[in-house]
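Here is a walk through side-chain contacts, from charged pairs to rings. Keep the model open and follow the residues as they come up.

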Amino acid sequence: MVTPRSGGVLTAAHDLVYRSLRAQIMYGDIAPGQALTLRGIGRDHGVSMTPAREAVRRLVAEGALFLSSSGRVSTPELGNDRIEELAALRALLEVELASRALPRAHIALIDRMMAIDNAVADAVANRDAVGYIRSNLEFHRTLYLRAQAPAMLAMAETVWLQLGPTMRALYGRLRRTDAPRYHKLILAALRAGDEPGLRLAVRTDVTQGLRLLTS
């Protein structure tokens with residue numbers, strides 16, 4: 001029988017594995033269609049198969065991992081229809097989050113976002129795909145936290161999670177050498193208090209790259 005103490009240890013181990021795997025998937029550290037095993041996850045994180053299994057179960061429920069009928073676990077390989085659906089969700093959710101955040105977008109927040117955008121540019125210059133995706137999402141999350149809409153932000157993060165490996169594939173296709181130009185338009189709209197301009201800049205920023213995957 002599991003004691004309360006050992007149950008707490010198992011819960012903590014499962015949560016650590018879940019958070020680590022979740023970050024790897026969201027930031028594109030794992031390629032689309034890459035197979036994962038419970039044994040390998042446990043080995044990589046220094047845990048038994050039980051917390052590894054629980055972490056995988058949660059990520060499958062979030063759409064971050066795919067479980068086949070044969071029991072194979074992998075990151076999903078998204079088709080064009082699914083990419084278009086998730087891009088549309090990003091546009092709906094993130095435009096609304098940005099709009100709600102605008103009244104609370106003080107100078108310190110804009111300065112913070114500018115610093116993050118510089119980190120995005122550095123990651124691009126260094127051809128650091130994972131660093132680029134991480135900094136890019138941090139740029140958006142920093143703004144959306146000001147919306148004070150936690151349920152909506154959680155939904156947006158679930159979409160990011162499902163798109164993570166695909167975003168890594170997109171980055172490799174673009175071979176970009178400059179930071180996303182729509183970030184500058186987002187910052188300008190925040191400074192000006194321009195809600196229509198902000199909504200347009202966010203919508204374009206979160207969808208224009210993904211369109212290249214379906215063209």
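Arg82 and Glu85 form a salt bridge, with 2.8 Å between the closest N and O atoms. The term asks for a side-chain nitrogen of Lys or Arg within 4 Å of a carboxyl oxygen of Asp or Glu. Both residues belong to helix α4 (residues 80-101); they are three residues apart, so about one helical turn separates them. Helices here are DSSP runs of H or I with at least four residues, strands are runs of E with at least two, and numbering starts from the N terminus. Arg82 is partly exposed because its relative accessibility is 31%. Glu85 is partly exposed too, at 41%. The cut-offs are these: buried is under 20% relative accessible area, exposed is over 50%, and partly exposed lies in between (1.4 Å probe, protein chains only).

This is a predicted model: local features need pLDDT of at least 70, side-chain atom pairs count only at pLDDT 80 or more, and totals for chains, interfaces and linings use all residues. Residues are numbered from 1 along each chain as its sequence is written, and side-chain values use heavy atoms, with hydrogens and water left out.

How many salt bridges does the structure hold? The count is 12. Another of them joins Glu138 to Arg112, with the closest N and O atoms 2.6 Å apart. Glu138 sits in helix α6 and Arg112 in helix α5 (residues 107-125), so this pair ties together parts that are 26 residues apart in sequence. Glu138 is partly exposed at 28% relative accessibility. Arg112 is partly exposed at 42%.

Helix α5 also supplies Asp117. Its salt bridge partner is Lys184, and the closest N and O atoms are 2.6 Å apart. Lys184 lies in helix α8 (residues 182-192), 67 residues away, and the pair links distant parts of the chain. Asp117 is buried, because its relative accessible area is 2%.

Now the rings. Rings of Phe, Tyr and Trp (its six-membered ring) pair if their centres lie within 6.5 Å; planes under 30 degrees apart are stacked, over 60 edge-to-face, and the rest tilted. That rule gives one aromatic pair. Tyr144 and Trp160 have ring centres 6.4 Å apart and planes at 35°, so the pair is tilted. Tyr144 lies in helix α6 (residues 129-144) and Trp160 in helix α7 (residues 150-174), so parts 16 residues apart in sequence are tied together. Both Tyr144 and Trp160 are buried.
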